[in-house]
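Please examine the sequence and the model before reading on.

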Amino acid sequence: MGLYKSKLPQMARPLRPQEKDILKSSLIIFVVGGPGCGKETQCKNMATKYGFCHVGLGQLLRQEAQKSTHRGRQIRDMMLQGLLVPSGLILDMISKNMLSHPESRGFLIDGFPRELKQAKEFERIVGRAPDIVIAFVCSMQTMVQRVLHRGQVERRAEDCEVVMFRHLATYYTLCEPVLTFYQQKKLLRNISAEEAPENIFAKCCSVIESLW
């Protein structure tokens, strides 16, 4: 659902053995949740506290969409329509970003995976699963209010009402198989995103520190 026909890569490049070795000892934490649930804010806070590298998928895509290239224009068109960018491109962007920080003790990958195929592809190309998956649970009403407010404050074109509801529809359609996949692997940790930010952060810290 929601894929856009383009020449962007559909399949990611598997990492070479020496590249996999670089990421072997680092913590890898996926942070998922619907638009406006607070993923980016909490990831930035966790990255600061623990010295992790924050890999924000949304930020990577926005940066690419601002470039005056054919790829940038295609990504911008997809984002403005609330469509999914092909998994191959997303995985290539994430792995490239991670490999550019070989000294990092951990990676917080925010907004990934967006669909089950991406979860499985990550393990194929990187050669390992994440250490833990934090899922922010938030009502649709709360997400709508936060996204509309963010659109007014940050002037994000993709935060207009029409695109937002497409994002939400895509998220709810695709997220359940992802959550089930990680639940079966006993890697999923659900955190309510309806609470005060400091309470959410404290729970995130407890999850991370349980890995040590």
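Does Val 126 count as buried or exposed?

## Basis of the model

The model is predicted: local features need pLDDT of at least 70, side-chain atom pairs count only at pLDDT 80 or more, and totals for chains, interfaces and linings use all residues. Residues are numbered from 1 along each chain as its sequence is written, and side-chain values use heavy atoms, leaving out hydrogens and water.

## Val 126

Val 126 counts as buried, because its relative accessibility is 3% (buried means under 20% relative accessible area, exposed over 50%, partly exposed in between, with a 1.4 Å probe and protein chains only). Helix H6 (residues 116-126) contains Val 126; helices are DSSP runs of H or I with at least four residues, numbered from the N terminus.

Leaving aside residues up to four places away in sequence, Val 126 touches Leu 15, Lys 20 and Leu 23, where contact means heavy atoms within 4.5 Å. Val 126 and Ser 95 are 31 residues apart in sequence, and their C-alpha atoms are 7.8 Å apart in space.

## Cysteines

The whole structure has 0 disulfides, a disulfide being a pair of cysteine sulfur atoms within 2.5 Å. For Cys 37, the closest cysteine sulfur is that of Cys 138, at 6.2 Å, which is too far for a bond.

Cys 37 is buried, with a relative accessible area of 3%. Cys 138 also counts as buried, at 11% relative accessibility.

Terms used
Helices (H or I, at least four residues) and strands (E, at least two) are DSSP runs, numbered from the N terminus.
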